[in-house]
Amino acid sequence: RINSRSIRNSIMNTKDLFEQHYQALTAEMEKFEAGNKTAGTRARKALSEIAKLCKVLRQEIQDAKNSDK
């Protein structure tokens, strides 16, 4: 059985990473819109990391939900 406290800590860590990548995306998009083309590459990288974190966070939420049963 998975410890629900460790799952919730994992969710918080993933959520923090998600927020960091979102902030990076926002900053890079502003630079890209101002004409910095290399910021577009960094924005795409942040989006890729966000996509990966979405999958991880979704699974962590599912595990937390199932561990409460």
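How exposed is Lys52, going by its relative accessible area? Lys52 comes out as partly exposed, with a relative accessible area of 47%. Keep in mind that what you are looking at is a predicted model.

## The overall picture

The secondary structure is quick to describe: two helices and zero strands. With a radius of gyration of 16 Å, the protein sits well over the 11 Å that the globule rule gives for 69 residues, so it is more spread out than a compact globule. If you draw a box around the C-alpha atoms along the principal axes, it comes to roughly 50 × 15 × 10 Å.

Now for contacts along the chain. Take the contacts with a separation of 6 or more: 71% of them are between residues 24 or more positions apart.

## Surface and charge

How much of the protein is buried? Buried residues account for 23% of the 69 residues. The protein exposes about 5,300 Å², and carbon and sulfur atoms supply 55% of that area.

As for charge, the protein has 14 positive and 9 negative charges.

## Salt bridges in helix α1

There are five salt bridges in the structure, and here are some of them. Lys15 pairs up with Glu19, their closest N and O atoms being 3.6 Å apart. Both residues lie in helix α1, four residues apart, which is about one turn of the helix. Lys15 is partly exposed because its relative accessibility is 37%, between the 20% and 50% cut-offs. Glu19, at 36% relative accessibility, also counts as partly exposed.

Lys31 and Glu28 are three residues apart in helix α1, so about one helical turn separates them. Are these two partners buried or exposed, or something in between? Lys31 is partly exposed at 38% relative accessibility, whereas Glu28 is buried, with a relative accessible area of 12%.

## A closer look at Glu28

Glu28 is found in helix α1, which covers residues 4-33. Which residues does Glu28 touch, leaving aside those up to four places away in sequence? The answer is Ala39, Arg42 and Ala43. Glu28 counts as buried because its relative accessible area of 12% is under the 20% cut-off.

Lys52 makes a salt bridge with Glu49, the closest N and O atoms being 3.4 Å apart. The pair lies in helix α2, three residues apart, or about one turn of the helix. While Lys52 is partly exposed at 47%, Glu49 is buried, with a relative accessible area of 19%. Elsewhere, salt bridges that share partners link Glu28, Lys31 and Arg42 into one network.

Helix α2 runs over residues 37-67, and Asp63 has its place there. Asp63 has a relative accessibility of 27%, so it counts as partly exposed. Where does Asp63 sit relative to Ile7? Their C-alpha atoms are separated by 7.4 Å, although the two residues are 56 residues apart along the chain.

Definitions and conventions:
Residues are numbered from 1 along each chain as its sequence is written. This is a predicted model: local features need pLDDT of at least 70, side-chain atom pairs count only at pLDDT 80 or more; totals for chains, interfaces and linings use all residues. Side-chain values use heavy atoms; hydrogens and water are left out. Buried means under 20% relative accessible area, exposed over 50%, partly exposed in between (1.4 Å probe, protein chains only). The radius of gyration is taken over C-alpha atoms; the globule rule is 2.2 Å times the number of residues to the power 0.38. Contact means heavy atoms within 4.5 Å. Accessible areas come from the Shrake-Rupley method with a 1.4 Å probe; for residues, only the protein chains shown count as cover. Lys and Arg count as positive and Asp and Glu as negative; His and the chain ends are not counted. The place of a charge is taken as NZ of Lys, CZ of Arg, CG of Asp or CD of Glu. A salt bridge is a side-chain nitrogen of Lys or Arg within 4 Å of a carboxyl oxygen of Asp or Glu.
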